[in-house]
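Work through the exercises below with the sequence and the model open. Each task is followed by a solution in steps.

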Amino acid sequence: MSIQLQAITQQFHGQSVLDNLNLTIEPKKIYGLLGRNGAGKSTLLNIISDRLFPTSGTATLDGETLHDNDHTLGRLYLMSEVNMYNDRSRLKRLLNSTALFYGAFDRDYATQLAAKFDLNLNQRFGKLSTGYRTIFKLIVALCVPADYIFLDEPVLGLDANHRELFYQALIDSYTERPRTFVISTHLIEEIANLIEHVFILDQHQIIVNGSVSDILDRAYMITGPDTDVTGYTAGLNVIGQDHLGGITANYVYGALEDDRPIPDTVTIERLDLQKLFVNLTNAKEATTHVN
Amino acid sequence: MQFNFNSTEPIYLQVADQIEEAIFAQSFAEGEQVPSTTEISKEFHINPATVLKGMNILVDAQLIEKRRGVGMFVVPGAQAKIVEKRRNQFYDDYVKNLVSEARKLHITKQELAQLIERGFTTQ
């Protein structure tokens, strides 16, 4: 019971975007898919939902192919930046036609959500602002009866109030009917507590794949005078550094040496997901640090 | 209950701590129901699995108990248990830091004792 990606490679004009990538997405979990601009997040989501055919590799759902297969693809829904709706169509009509495609589309919930977001369903799609286009697509995504929902940049153009409302609606809808959500976003702090599991995509590969709490359990910031910090973190997996005067902060991803004495001058703090992400994906040879 | 999350401590521990604090402060009285996983999850935008993990710490510590089909309830005697636990941790949590900071400031043992005395008389 899962989506399995095996040895997915995607090249555009001879350039690798994804290189031999393997991934498992389990049912009923909320995932975060993080990556820098151009890391290949959308490419990955498009491959899973069969909008893009990989150069090589396979994608399956419960052992059945996702390629050109209505049976499996019907259990997936991808909400992306691409606007596939006709500008002249009224939102009501778009909801009706979606309901035709997806049998158990939750029309009542869609109406409820539209009211919450102050979205008038009599409008034409083309008349909506960027934010409201996103909101409309989100409403559809939350109301389709699919088992796996992929949200590519779900808060694009949304103001802070609407983002709050969306996270609320997401949790509401998830607790009401647990299913998988994969959220790709740059607003890491906002979803850090919402997601159970995180994928970080960098250098054509998934470099982090694990439960958020397990991962943050191994992420530290060691601060203090330069020499003490360097001494304490020697041999550890240091993924980044900050300096200010004689003070150094070393970011460590991985286990600390438990029997190594901690100098009084040194403080050990935990990293949050955003800080960990920034350090892991900072340009220079980041991948060599990751284990 | 007052939830005030920071980003550096694991969220499931913070969930456990906050509920424990509320039981300690008797915001959730013994025998009373505590908010459900879903309620906490919705209110604070925290993954339900994370909230559950925090709740389970309190279940393991026998501070709250699950009543099937109804929800989580504060176990009778939970507050006393928390008091005892905190008394046991008092030295590590407070005294150690107090002495270490006093040393850095060259505050002598006697001066520290006087300050503690003052703290007791003024409060």
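A residue counts as buried if 20 or more other C-beta atoms lie within 10 Å of its own, as exposed if 12 or fewer do, and as partly exposed in between, with C-beta atoms placed from the backbone. Helices (H or I, at least four residues) and strands (E, at least two) are DSSP runs, numbered from the N terminus. This is a predicted model, in which local features need pLDDT of at least 70 and side-chain atom pairs count only at pLDDT 80 or more, while totals for chains, interfaces and linings use all residues. Residues are numbered from 1 along each chain as its sequence is written, and chains are lettered from A and ligands numbered from 1 in the order in which they are written.

**Exercise 1. Strand β9 of chain A**

Task: Which residues of β9(A) are buried on each side, and with which strands does β9(A) pair?

Solution. 
Step 1. Strand β9 of chain A covers residues 197–202. On one side A:H197, A:F199 and A:L201 are buried, and on the other A:V198, A:I200 and A:D202. Because six of the six residues are buried, β9(A) is largely enclosed by the rest of the structure.
Step 2. Two strands pair if DSSP finds at least two bridges between them. Strand β3 (residues 30–35) of chain A pairs with β9(A) in the parallel sense over five bridges; A:Y31 has A:H197 as its bridge partner.
Step 3. Strand β10 (residues 205–211) of chain A pairs with β9(A) in the antiparallel sense over six bridges, and A:G210 in β10(A) stands opposite A:V198. Two residues lie between the strands of this hairpin, where A:Q203 takes a positive phi near 55°.

**Exercise 2. Strand β7 of chain A**

Task: Which residues of β7(A) point each way, and how many bridges join β7(A) to β6 and to β8?

Solution. 
Step 1. A:Y148, A:F150 and A:D152 point one way, A:I149 and A:L151 the other, and all are buried. Five of the five residues of β7(A) (residues 148–152) are buried, so this strand is largely enclosed by the rest of the structure.
Step 2. Strand β6 (residues 76–79) of chain A runs parallel to β7(A) and is joined to it by four bridges. Strand β8 (residues 180–184) of chain A also pairs with β7(A) in the parallel sense, over five bridges.
Step 3. A:I149 is the bridge partner of A:Y77, and in β8(A) the bridge partner of A:I149 is A:F181.

**Exercise 3. An open sheet in chain A**

Task: What is the strand order of the open sheet of four strands, and which strands are at its edges?

Solution. 
Step 1. The order is β12-β13-β11-β14 of chain A, with antiparallel pairing. The edge strands, β12 (238–244) and β14 (267–270), each pair on one side only. From one strand to the next the twist averages 20°. For such angles, axes are lines fitted to C-alpha atoms, for helices over the stretch in contact, and angles run from 0 to 180 degrees between N-to-C directions.
Step 2. Inside the sheet, β11 (residues 219–225) and β13 (residues 247–253) of chain A pair over seven bridges, with A:Y220 opposite A:V252 in β13(A).
Step 3. Helix α9 (residues 226–233) of chain A packs on the sheet, touching β11, β12 and β13, and its direction makes about 145° with that of β11(A). Two residues are in contact if their C-beta atoms, placed from the backbone, lie within 7 Å.

**Exercise 4. Where the chains touch**

Task: How many residues of each chain are in contact with the other, and which element of chain A gives the largest share?

Solution. 
Step 1. The contact involves 16 residues of chain A and 15 residues of chain B.
Step 2. On the chain A side, α6 (160–176), α8 (212–216) and β14 each supply at least two residues. The largest share, five residues, comes from α6(A).

**Exercise 5. The outline of chain B**

Task: What pattern of helices and strands does chain B follow, and what is its radius of gyration?

Solution. 
Step 1. Chain B has five helices and two strands, in the pattern α-α-α-β-β-α-α along the sequence.
Step 2. The radius of gyration of chain B is 18 Å, whereas a compact globule of 123 residues would have one near 14 Å. This radius is taken over C-alpha atoms, and the globule rule is 2.2 Å times the number of residues to the power 0.38.
Step 3. Of the 123 residues, 23% count as buried.
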